Amino acid sequence: MFTEYSNLPSNSRVWIYQADREFNIEEIEYICAKAILFIDNWTRRGDDLKGAFTVKYNQFLILAVDENVTSVSGCSIDSSVRFIKELENELKVDLMNKMNVSFKDGDIINIVKLSEFKQFAKAKKITSETVVFNNMVNTKGDFETKWEVTADKSWHKQFLV
């Protein structure tokens, strides 16, 4: 059952999918329509999941579930992964590559391979003050407070010189 993202409690579980490029307006409209349909039919062993989504910076798709209502299971997670893979195929975009790292340079969001990120850090093009996106967060509360942070407050700090 679909609900607005703002209606979910802060302990809701989230999954962050980072696109390897920015979505255009038509693609965002398409993603929104498809996400609502998917979430309306998203279940765990026949029980409806109370879910939501949001799109940030025209480049990140976040799925969320209120596990106070119904917790997710392997099958329900698998169905969400199938949904994301369908979007990848339909939009010709990579949403599942966990080896891509994103960071801000002013207002520009850069997405690079992890090896490039390490090189940038070594060359001090990435510093402790660089804003990074911590796609490893698991809850809505952490997403809202620990997702977009400086590198020294994220797992990215291990690469800082």
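Analyst: The expected span of a helix is 1.5 Å times one less than its number of residues. Keep that in mind for the two helices below. One caution first: this is a predicted model.

Start with H2. Helix H2 covers residues 74-91. It has 18 residues and reaches 26 Å from its first C-alpha to its last, close to the 26 Å expected at 1.5 Å a residue. Its buried residues are Ser 76, Ser 79, Ser 80, Phe 83, Ile 84, Leu 87, Glu 88 and Leu 91. These residues pack against S1, H1, S5 and strand S2 (43-44).

What follows H2? Lys 92 comes after the helix, and its phi is positive, near 55°. That is a positive value in a residue other than glycine. Lys 92 sits in the loop between H2 and S6. With 69% relative accessibility, Lys 92 counts as exposed, because the cut-off for exposed is over 50%.

Helix H1 spans residues 25-40 and lies across S4 and S5. Its direction makes an angle of about 165° with S4. H1 has 16 residues and reaches 23 Å from its first C-alpha to its last. That is close to the 22 Å expected at 1.5 Å a residue.

The buried residues of H1 are Glu 27, Ile 28, Ile 31, Ala 35, Phe 38 and Ile 39. Seen down the helix axis, the buried residues of H1 fall within an arc of 95°, so they line one face. An α-helix has 3.6 residues a turn, so residues three or four places apart point the same way. The cover over the buried residues of H1 includes S4, S5 and H2. On the other side of H1, Ile 25, Glu 26, Glu 29 and Leu 37 are exposed.

H1 also has a cap at its N-terminal end. Asn 24 provides it. A side-chain oxygen of Asn 24 lies 3.1 Å from the backbone nitrogen of Glu 26.

Next, the sheet. It is open, has three strands and runs in the order S1-S5-S4, with antiparallel pairing. Strands S1 (13-18) and S4 (51-56) stand at the edges. Each has a single partner strand, so one side of each is left without a neighbour in the sheet. Neighbouring strands of this sheet are turned by 20° against each other on average, direction ignored.

S4 pairs with strand S5 (residues 60-65) in the antiparallel sense, over six bridges. Within S5, Ile 62 stands opposite Thr 54. The loop between S4 and S5 holds Asn 58. The phi of Asn 58 is near 55°, again a positive value in a residue other than glycine. At 29% relative accessibility, Asn 58 counts as partly exposed.

Strand S1 deserves a look at one residue. Gln 18 is found in S1. It is buried, with a relative accessible area of 7%. Which polar partners does the side chain of Gln 18 have? The backbone oxygen of Asn 100 lies 3.2 Å from a polar atom of the Gln 18 side chain. A polar contact of 2.8 Å joins the side chains of Gln 18 and Asn 135. Beyond its sequence neighbours up to four places away, Gln 18 touches a list of residues that includes Gln 59, Phe 60, Asp 94, Leu 95, Val 101, Ser 102 and Ile 111.

Asn 100 leads on to the next strand. Strand S6 covers residues 100-105. Five of its six residues are buried, so S6 is largely enclosed by the rest of the structure. S6 pairs with strand S7 (residues 108-113) in the antiparallel sense, over six bridges. Phe 103 has Asn 110 in S7 as its bridge partner. S6 and S7 form a hairpin with two residues between them. Gly 106, in the turn, has a positive phi of about 70°.

One last stop is helix H4 (residues 140-146), which holds Lys 146. Lys 146 counts as partly exposed, at 46% relative accessibility. Not counting residues up to four places away in sequence, Lys 146 touches Asn 134 and Val 137. Met 136 is ten residues from Lys 146 along the chain, and their C-alpha atoms are separated by 9.5 Å.

Definitions and conventions: Residues numbered from 1 in each chain as written. Predicted model: local features only at pLDDT ≥ 70, side-chain atom pairs only at ≥ 80, totals over all residues. Heavy atoms only, no water. Pairing = 2+ DSSP bridges. Helix = DSSP H or I, 4+ residues; strand = E, 2+ residues; numbered from the N terminus. Axes fitted to C-alpha atoms, helices over the stretch in contact; angles between N-to-C directions. Contact = heavy atoms within 4.5 Å. Buried < 20%, exposed > 50% of the residue type's maximum accessible area, 1.4 Å probe, protein only. Arc of directions from axis to C-beta. Polar contact = N/O pair within 3.5 Å; in protein donor to acceptor, adjacent residues only side chain to side chain.
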